[in-house]
Amino acid sequence: MGDRQRDELDQARSLAAGMLLLADRNYAAADLIQTLAATRADLLIRCKNGRRPPVIRRYHDGSWLSTIGTVRVRVVDAEISVQTIDGVRTGGYRLITTLLDPRTHPAGGLMKLYHRRWEVETAYLEIKSSILGGRVLRARTPDGIDQEVYALLVVYQILRTAMTDATDSRPGTGPDRASFTTALNAARDQVTHAAGVLADTVIDLAGAIGRAVLAHLLPERRIRVKTRMIKRSNSKYQARGPNVDRRSHKATIAIDIITNTC
């Protein structure tokens with residue numbers, strides 16, 4: 001068994017019914033989709049535009065029923081246009097998903113959801129830079145590293161849960177407006193001062209962390225318009241291109257579902 005096969009099996013073992021896996025084009029292979037779908041988790045994966053899955057049935061939202069290997073999937077094609085002060089950029093996206101009902105999961109909604117896949121990078125940033133402060137792990141044994149990594153992930157999930165509980169307590173407030181740094185500092189203060197650690201008989205959904213988050217809400221998140229870039233640490237030139245003021249660099253995204261593409 002190769003390293004890639006072992007990685008795929010490890011990923012599959014982490015999935016379960018009720019989960020939704022978002023993945024890029026490198027994970028659209030038929031054998032991998034079958035392995036992932038066998039976990040009963042749902043999938044939303046981008047595939048190459050040149051791929052031509054068979055059309056079994058067309059739906060009213062522009063998507064169509066198809067198969068990848070032995071797995072029944074829906075295919076969604078869309079043309080996405082991003083308009084900024086620099087002009088308009090347009091590109092095609094093709095998604096495959098095991099969410100087969102277009103009434104509960106319309107094509108446009110799936111495209112908007114897939115746009116959020118990049119936010120996993122935010123999670124990495126918050127763990128490596130915010131919680132660890134750029135420090136390396138302290139453990140020096142495999143078991144110690146496992147324990148430390150799981151501790152970091154548990155703390156991260158607890159903070160994220162507290163942030164979501166806080167924004168849920170204020171109708172109309174999206175979880176994107178919760179500041180992870182604020183939540184982390186509030187949690188550290190709780191541990192340092194050992195104040196308010198024991199819960200009262202009255203359940204406080206927001207809690208001390210949540211109240212700090214609600215008191216320092218972030219502005220509405222701006223649209224991400226740039227594709228992911230690879231950092232070139234050995235280059236003397238700026239790898240990310242020119243800096244822009246994102247407060248004034250407004251952008252809009254238009255999603256047009258394409259029908260009858262196959």
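In this predicted model, Y150 is exposed, with a relative accessible area of 57%, where exposed denotes over 50% relative accessible area, computed with a 1.4 Å probe and with protein chains only. Y150 belongs to helix α5, residues 142-168, a helix being a DSSP run (H or I) of at least four residues and a strand a run (E) of at least two, numbered from the N terminus. Together with I145, V149 and L153, Y150 makes a nonpolar surface patch of about 350 Å²; such a patch joins nonpolar side chains within 5 Å in residues with over 30% relative accessible area and no salt bridge.

R40, in the loop between α2 (30-37) and β2 (42-47), is likewise exposed, with a relative accessible area of 65%. Phi of R40 is near 75 degrees, a positive value in a residue other than glycine.

A search of the whole structure finds 1 cavity of 30 Å³ or more, a cavity being a set of points on a 1 Å grid where a 1.4 Å probe fits but cannot get out, with lining residues having an atom within 4 Å of a point. The lining of the largest cavity, formed by I33, L43, I45, V73, I96, T97 and T98, divides into 5 nonpolar, 2 polar and no charged residues, and β2 and β6 (87-97) each supply at least two of the lining residues.

Residues are numbered from 1 along each chain as its sequence is written, and side-chain values use heavy atoms, with hydrogens and water left out. Local features need pLDDT of at least 70 and side-chain atom pairs count only at pLDDT 80 or more, whereas totals for chains, interfaces and linings use all residues.

Methods. Patches are made of residues with over 30% relative accessible area and no salt bridge: like charges are joined within 9 Å, nonpolar side chains (Val, Leu, Ile, Met, Phe, Trp, Tyr) within 5 Å. Accessible areas come from the Shrake-Rupley method with a 1.4 Å probe; for residues, only the protein chains shown count as cover. A salt bridge is a side-chain nitrogen of Lys or Arg within 4 Å of a carboxyl oxygen of Asp or Glu. Buried means under 20% relative accessible area, exposed over 50%, partly exposed in between (1.4 Å probe, protein chains only). On a 1 Å grid over the protein atoms alone, a cavity is a set of points where a 1.4 Å probe fits but cannot get out, and a pocket is an open set with protein on both sides within 12 Å along at least five of seven lines; lining residues have an atom within 4 Å of a point. Grid points are joined across faces, edges and corners, and a volume is the space filled by probe spheres set on the points. Ala, Val, Leu, Ile, Met, Phe, Trp, Tyr, Cys and Pro count as nonpolar, Asp, Glu, Lys and Arg as charged, and the others, Gly among them, as polar.
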